[in-house]
Structures are given as C-alpha cells and as structure tokens.
Amino acid sequence: MTTITFTAMPSDQAASYRCGEADAYGLAPERRMTSGTGYPCRHCLSDIGDGKPYLTLAYRPFPALQPYAETGPIFMHAEECPRYVGEDVPPILKSSPDYILRGYGHDDRIVYGTGAVTLRENVESRAAELLARPDIAYVHVRSARNNCYQCRIDRA
C-alpha cells in the first residue's frame, strides 16, 4: 500500500498572509475573532479555537493560474502556529463525516473519475489508492458540504 502524508499550506505563504500580503484575489486577508468552533486552520491543520483571532482569505493551492486552479475561502490562525507535518489524519479531518477527495495529475489538472465523497474513516485508504496510480501526482481534500480546500495529500 502507498504510504501517504498530509501536506499543509507552506509556512512562508502563511507568514506572508499574516503580514497582510494579498490573497489569490488580490485582497488583504480579513482579520476576525472566532465565535465557537468550526474554524479549521490550513497551516497547522487544527481548529483555531473559540475567541481566537483568525484570518479569512481566498486561497489557490496551485502553482499557477489555469482552468482547474480552484480558488476559495479558507481560515488560518492570525498568530503564528506550527505547520502540520505527518502521516496521521490531522485534526481538521476529524470533524466531518465525509470529505471530497480528488486526484490531480503532474500538470495540476483534475484527473477525471477520481473525485468522490469519501467517508472520514476511508480518507487514508482512498488517498493511498489514488496515489498508487502513476497518473496522479497528489490528492486534494475538500469539504463535502462547501467544497472548501482542507489540505493536500502526497506520497510519503
């Protein structure tokens, strides 16, 4: 079986957003305070927590603009946090019953037929199955409810 690793937003990118650098839409990230739960940070891949400052911004997890380079809203800690590194399912992927997993090719385009709503307990096995294919370079995990980007999964 293919060994996988969960890949969070790069630290240099997170730091630049915290300094007010423009997001994927050319806007400064919005700074707010959480009220309750449901604010998953895409850098540490943990929930931000109640009463904490966070940023909302438009994020494009692709190296360049192209037709398949989806952009959407994400949250992240407004204050510095450690980047998630690991092969274990991160905390933000334990809060929903299911997620959308989708494979992308080496050209950063969707590999058709790979997208599927996947039960939480099957995320690791589905990602490993996709990454066992030579035509798939990486997998994106997205919210099954709002299609928001959660993280990337790579071969370990």
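## Aromatic pairs

Eight aromatic pairs are counted in this predicted model. Rings of Phe, Tyr and Trp (its six-membered ring) pair if their centres lie within 6.5 Å; planes under 30 degrees apart are stacked, over 60 edge-to-face, the rest tilted. The model is predicted: local features need pLDDT of at least 70, side-chain atom pairs pLDDT 80 or more, while totals for chains, interfaces and linings use all residues. Residues are numbered from 1 along each chain as its sequence is written, and side-chain values use heavy atoms, without hydrogens and water.

Y68 and Y112 pair edge-to-face, at 6.2 Å between centres and 75 degrees between planes. Y68 sits in the loop between β3 (53-59) and β4 (72-77), Y112 in the loop between β6 and β7 (116-119), so the pair ties together parts 44 residues apart in sequence. Strands are DSSP E runs of at least two residues, helices H or I runs of at least four, numbered from the N terminus. Y68 is partly exposed at 25% relative accessible area; Y112 is exposed at 63%. Buried means under 20%, exposed over 50%, partly exposed in between (1.4 Å probe, protein chains only).

## A stacked pair

Y104 and Y138 are stacked: 5.4 Å centre to centre, 10 degrees between planes. Y104 is in strand β6 and Y138 in strand β8, 34 residues apart. Y104 is buried at 0%, and Y138 at 2%.

R152 lies over the face of Y138, 3.8 Å from the ring centre. The rule for such a charge: NZ of Lys or CZ of Arg within 6 Å of the ring centre and within 35 degrees of the ring normal.
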